[in-house]
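Have the sequence and the 3D view handy as you read.

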Amino acid sequence: MKLTCIVIDDEIHAVNGIKSYINNLTNIHLIKSYTDPLQALNEITAGDHVDIVFIDVDMPMISGLELSKAIRHKTDKLIFTTSHSKYAYEAFEMYASAYLLKPYTFARFAETINRLFPHSPSVPNLTVKQDDDYFFVRNKSEKNNLIKVRYTDIVAVESLQNYVRIFTLNETIVSYIALSEIKIILKDYQNFAQAHRSFIIAKNYIEKVEGNTLKMINNLTINVGNSYRESIHDYIKEKTIKTNRS
């Protein structure tokens, strides 16, 4: 049997994004989608039980957190989708099954379904071509215009208190977003690792290792923090060619 689901988000492009992900999973059936949370409240409470409800947090009239209280008993799994990590604590107080921070990848979406329904033969273990993936951020130096950032172009991300500096192969972008939020976005990509409390790096762009100092492809120098040295050194050791003199 197919897993049944409902999508609730006041932004139609977000609804369409989830729909496209669902369409790529063979055994999940979308019962209905809503952009009006009040309509969702009335129809879901009067309707049949479903396997999954995907629900946004920031919505007019009634928030996703408030709505979830009324409909939690109508679904096995409740998955919050939001652009703000600050709601994570409140979401899990509502007995959320998962928390997807926008913009999330298809790989992240599929992995979440696989984790919540591990014994369902209907959900394949899917991957995506990560070199096709990207996200948009607002660039502070360009009047906060949106700019595309490709995962494969990222060399490092540096925390600047309330901002981050994203170093790519071709430019540097400053955006109003926390490093913790970027870390969630990058968590599905094994190439990224935290090397310092203020830095996330792309491991394949390490050009030189001098003790506990990493020199990146763009001449950026990063001192590896004590808490991250073991994992970084393990990666370097794994990639080091061993000789008889080693």
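## Q194 and its strand

Q194 stands opposite I200 in β12. Q194 itself belongs to strand β11, residues 192-196, and its partner β12 covers residues 199-202. The two strands pair in the antiparallel sense over four bridges (pairing takes at least two DSSP bridges between two strands). A hairpin of two residues links β11 to β12. Strands here are DSSP runs of E with at least two residues, helices are runs of H or I with at least four, and both are numbered from the N terminus.

This is a predicted model, where local features need pLDDT of at least 70, side-chain atom pairs count only at pLDDT 80 or more, and totals for chains, interfaces and linings use all residues. Residues are numbered from 1 along each chain as its sequence is written, and side-chain values use heavy atoms, with hydrogens and water left out.

Is Q194 buried or exposed? It's buried, with a relative accessible area of 14% (buried is under 20%, exposed over 50%, partly exposed in between, using a 1.4 Å probe and protein chains only). Four of the five residues of β11 are buried, so the strand is largely enclosed by the rest of the structure.

The side chain of Q194 makes a polar contact with the side chain of K183 at 2.9 Å. A polar atom of the Q194 side chain also lies 3.4 Å from the backbone oxygen of R197. For a polar contact, two N or O atoms sit within 3.5 Å; within protein, one must be able to donate a hydrogen and the other to accept it, and residues adjacent in sequence count only if both atoms are side-chain atoms. Setting aside neighbours within four places in sequence, Q194 is in contact (heavy atoms within 4.5 Å) with L179, K183, F199, I200, Y228 and I232.

## Helix α5

Now over to α5, residues 106-116. Nine of its 11 residues are buried, so this helix is largely enclosed by the rest of the structure. Among them are F106, F109, I113 and L116. The buried residues of α5 pack against β1 (3-8), α1, β2 (28-34), β3 (50-56), β4 (75-82) and β5 (98-101).
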